[in-house]
Amino acid sequence: MTTELENDSRCSPSWNRLRPAELFFPAEATALRDLLRDSFKILNGYDDWTFAPETALYTVREQFKVASLDGFGLKDRATAIGAAGGVLHYLTQNLRRDVKHPHAAGRF
């Protein structure tokens, strides 16, 4: 699942509701890391370029073999696409996980 929030103050309630086992974020996003440090045991900073809008858009479109991500509710949601692209890259390149069929019912 990927989402996009208006500001940092909305992060904690969302993550507390979802209770993820670990979080991935751009490695150089130190302010985000500092915000999360006390709430989560496993934080993984990952290559910033994989979260970049153009790179992430390409990664996610290639994953789902689509020309547009609008059908996933991601039209004009660059931050959400960046999150999805960064995590997909991590899973496929570092963990060598098969992500051929991730659940994508309106969400990634």
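How many aromatic pairs does the count come to here? It comes to three. Before I go through some of them, keep in mind that this is a predicted model.

Okay, let's start with Phe 24 and Tyr 90. Their rings make a tilted pair, with 4.3 Å from centre to centre and 50° between the planes. Phe 24 sits in strand E1, residues 23–26, while Tyr 90 belongs to helix H4, residues 78–93, so this pair ties together parts that are 66 residues apart in sequence.

Is Tyr 90 buried or exposed? Tyr 90 is buried, at a relative accessible area of 15%. And Tyr 90 has another partner, Tyr 46: that pair is edge-to-face, 5.1 Å centre to centre, with the planes at 90°. Tyr 46 comes from strand E2, residues 43–46, and Tyr 90 from H4, so here the parts being tied together are 44 residues apart in sequence. Tyr 46 counts as buried too, with a relative accessibility of 7%.

E1 and E2 run parallel, and four bridges join them. If you want a spot to look at, find Pro 26, which stands opposite Tyr 46 in E2. Between the strands you go through helix H2, residues 30–36, and E1, H2 and E2 make up a β-α-β unit that is right-handed.

Where is Thr 50 found? Thr 50 is in the loop between E2 and H3, and yet Thr 50 is buried, with a relative accessible area of 1%. A polar atom of the Thr 50 side chain lies 2.7 Å from the backbone oxygen of Asp 47. Leaving aside neighbours within four places in sequence, Thr 50 is in contact with Thr 55, Ala 56, Gly 82, Gly 85, Gly 86 and His 89.

Ala 56 also turns up in the next thing, the largest nonpolar core. That core has eleven residues, including Val 60, Phe 64, Leu 69, Phe 72, Ile 81, Leu 88 and Val 99. H3 and H4 each supply at least two of the core residues, and H4 gives the most, with four. Have a look at Val 99 while you're there: not counting residues up to four places away in sequence, Val 99 touches Gln 63, Leu 88, Leu 91 and Thr 92.

Last stop, some backbone angles. Most residues other than glycine have a negative phi. Which way does Lys 65 go, positive or negative phi? Positive, about 55°, although Lys 65 is not a glycine. Lys 65 is in the loop between helix H3, residues 53–64, and H4, and Lys 65 counts as exposed at 67% relative accessibility.

Asp 76 is in the loop between H3 and H4 as well. Asp 76 has a positive phi of about 60°, and Asp 76 isn't a glycine either. With a relative accessible area of 71%, Asp 76 is exposed.

Okay, that's me done, over to you.

Key: Residues are numbered from 1 along each chain as its sequence is written. This is a predicted model: local features need pLDDT of at least 70, side-chain atom pairs count only at pLDDT 80 or more; totals for chains, interfaces and linings use all residues. Side-chain values use heavy atoms; hydrogens and water are left out. Rings of Phe, Tyr and Trp (its six-membered ring) pair if their centres lie within 6.5 Å; planes under 30 degrees apart count as stacked, over 60 as edge-to-face and the rest as tilted. Buried means under 20% relative accessible area, exposed over 50%, partly exposed in between (1.4 Å probe, protein chains only). Two strands pair if DSSP finds at least two bridges between them. A crossover is right-handed if, with the strands pointing away from the viewer, the path from the first strand over the helix to the second runs clockwise. A nonpolar core is a set of buried Ala, Val, Leu, Ile, Met, Phe, Trp, Tyr and Cys residues joined through side-chain atoms within 4.5 Å. Contact means heavy atoms within 4.5 Å. A polar contact is a pair of N or O atoms within 3.5 Å; within protein, one must be able to donate a hydrogen and the other to accept it, and residues adjacent in sequence count only if both atoms are side-chain atoms.
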